[in-house]
Amino acid sequence: MIGMVFQHFALLPHMSVIDNVALGLRIAGVPRKARRERAANALQLVGLSGWDNRKPSSLSGGMRQRVGLARALVMDTPILLMDEPFSALDPLIREEMQQELLRLQSTLHKTIVFVTHDPNEAATLGDYIAILLKGEIVQEGHPLDAVLSPANEYVRNFVRGINVFKVLTAGQLIDAARPAVVLNGSTISSLAMVRPPSGPIAVTNGGGKLLGMIERPSELGSSQAEWERHLSQDFIRLTSTTLIAPFLDELSRNSRPLVVVEDDGTFVGVITASSVLKALASNRSVVGTHPMPEIETRPDQVPTGADQQRAG
Amino acid sequence: MDFSEFASSVATSIDDFTNYLSTNFGFVFDSISAVILGIQQPLAAALTSIPAWAVIAAAVIGGALLGHLSLAVLSAIGLVFILIMNLWDAAMVTLSLVLTATIVSLVIGIPLGTLIAESRRVNTAMEPILDFMQTMPPFVLLVPAVFFFGVGTVPGIVATIFFAMPLPIRLTAHGLKMVEPEVVEAGEAFGANRLTILFLIKLPLAFRSIMAGVNQCIMMSLSMVIIASMIGAGGLGDEIIRSISRLQVGRGVEAGLAVVVLAILIDRFSKRISQRVDPTA
């Protein structure tokens with residue numbers, strides 16, 4: 001048995017919302033009281049509590065599909081099959097439902113097979129997408145792969161409409177020219193001193209964990225104590241998988257640096273306006289992961305400009 | 001070439017067949033008779049023994065309760081008209097005939113329509129039979145009815161059942177076939193079997209179509225029980241036949257109007273009631 005969500009909702013007009021949600025449980029022979037309870041929980045999950053006794057005909061399209069979603073969720077199956085569930089909704093409601101689904105999935109962690117004709121929807125929702133042509137998979141993988149390296153002309157045309165900011169994540173936009181300074185000695189003798197960057201620079205400890213940002217490294221001396229004093233926590237922390245789109249505004253106003261950090265605090269890199277532009281200008285450059293050059297504060301390993309270019 | 005001999009031999013062989021049926025399967029017809037009379041006689045007895053004013057009051061209150069003042073007014077005027085025209089008992093007998101024919105038609109027709117919708121084979125088999133039943137002139141139905149059941153109420157009701165049953169069968173099958181496949185698929189995705197899908201999903205969704213069939217069944221029964229008066233079904237039809245034979249135009253029109261009143265009231269009431277209980281509304 002699988003939970004299934006249909007394009008045209010497939011709700012039963014002669015049953016109330018809660019009975020619709022409880023349909024699968026009723027078929028499975030769950031007693032009335034238990035199935036009502038579980039259905040009420042599922043309705044709450046999709047934000048429709050209080051609508052229990054309405055008929056589907058009195059609900060809007062988006063709400064009807066929420067009922068459809070609740071009906072699939074209530075069975076608590078490991079796999080959900082969604083057959084173009086949002087295609088019949090108007091664009092604004094569709095985006096709202098997509099966000100809703102992402103929110104639900106972040107707590108439910110189901111395997112969701114989602115069929116869609118909308119490449120943007122695929123890019124927004126999919127962790128892993130398969131593009132089918134005449135019943136055969138022509139390309140599969142992360143949505144970004146399809147956008148950046150389409151397998152053939154069909155895929156290229158198909159993904160042309162994808163808004164690239166729906167797939168670009170922070171991890172793909174790291175500015176290779178902004179490595180971190182590692183504090184593991186008593187003095188700072190690094191790139192930061194040789195060629196201080198104009199913008200903020202990240203500071204990590206010997207273990208690669210982010211300590212903070214230095215706003216204006218060029219104004220500081222080489223004393224580690226002085227650097228520690230000026231460490232700032234005023235930055236935006238992102239993980240590699242965070243979509244970049246909501247933070248572009250921050251980037252354009254140049255107010256706070258965007259810093260990519262893994263969940264355990266390991267520094268990944270800094271995102272700058274120039275790195276985003278670079279990624280957009282040449283799609284291929286954002287394919288794959290960028291190994292970040294670590295700048296050691298030992299004098300014999302001061303990186304040169306040539307090193308950075310290689311890394312970039 | 002002369003086919004007259006062949007034609008008479010067809011008629012003879014049909015006669016032989018019906019003779020065979022009536023001599024060897026008499027018990028079947030007897031039990032059909034018993035069932036029909038078992039429904040009709042108590043109904044007729046009840047309808048004629050209840051005082052007219054009680055029936056009229058019930059119709060008026062019922063019409064008002066169904067939310068239509070016009071229906072209450074219509075009931076009052078129509079039924080009082082029947083009463084003062086001295087046609088009350090005849091109308092109640094007609095009503096009992098109609099209800100009996102309708103009940104039997106629906107008890108057979110709705111399950112049969114369901115079978116037709118569910119099984120391609122039954123569908124193919126029933127299609128020509130239904131066509132035959134629907135195109136057969138109603139008068140012709142009277143002949144075998146008289147042959148197997150004699151003259152009287154029972155053959156009248158049997159002929160009426162044959163005449164009125166095809167539409168509820170067709171409309172039940174139609175309603176079930178028109179149910180969105182996606183909704184059925186939703187049931188299947190939850191592991192429902194055919195019977196569960198039928199009762200939980202398909203039949204409720206086919207309700208309107210089935211009720212249209214019920215309504216049509218009643219109306220066709222009413223028209224047929226009037227014709228069936230020719231073989232002694234009784235009721236308002238008797239009045240009409242009598243007025244034809246005596247050339248009493250006025251009396252015939254009165255009885256005809258009483259039939260119209262019954263038809264309109266039955267139609268409106270059955271429609272309002274089915275709207276009221278419609279699960280898909």
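Me: A:Ala10 sits in the loop of chain A that runs between strand S1 (3–5) and helix H1 (17–21). Why is A:Ala10 called buried?

Reply: A residue is buried if 20 or more other C-beta atoms, placed from the backbone, lie within 10 Å of its own, exposed if 12 or fewer, and partly exposed in between. A:Ala10 has 23 other C-beta atoms within 10 Å, so A:Ala10 is buried. This is a predicted model, in which local features need pLDDT of at least 70 and side-chain atom pairs count only at pLDDT 80 or more, while totals for chains, interfaces and linings use all residues. Residues are numbered from 1 along each chain as its sequence is written, with chains lettered from A and ligands numbered from 1 in the order in which they are written.

Me: What is the phi of A:Ala10?

Reply: A:Ala10 has a positive phi of about 55°, although it is not a glycine. Most residues other than glycine have a negative phi.

Me: B:Leu247 also has a positive phi of about 55° and is not a glycine. Is B:Leu247 buried or exposed?

Reply: B:Leu247 has 8 other C-beta atoms within 10 Å, so B:Leu247 counts as exposed. Its loop, in chain B, lies between helix H13 (236–246) and helix H14 (249–277); helices (H or I, at least four residues) and strands (E, at least two) are DSSP runs, numbered from the N terminus.

Me: How do you know that strands S9 (residues 236–238) and S10 of chain A pair?

Reply: Two strands pair if DSSP finds at least two bridges between them. S9(A) and S10(A) share 3 bridges, in the parallel sense, so they pair.

Me: Which way do the residues of S10(A) (residues 258–261) point?

Reply: A:Leu258 and A:Val260 point one way, A:Val259 and A:Val261 the other, and all are buried. In a regular strand the side chains alternate between the two faces of the sheet.

Me: How does the span of helix H5 (residues 91–108) of chain A compare with the expected one?

Reply: The expected span is 1.5 Å times one less than the number of residues. H5(A) has 18 residues and reaches 25 Å from its first C-alpha to its last, close to the 26 Å expected. After H5(A) comes A:His109, with a positive phi near 55°.
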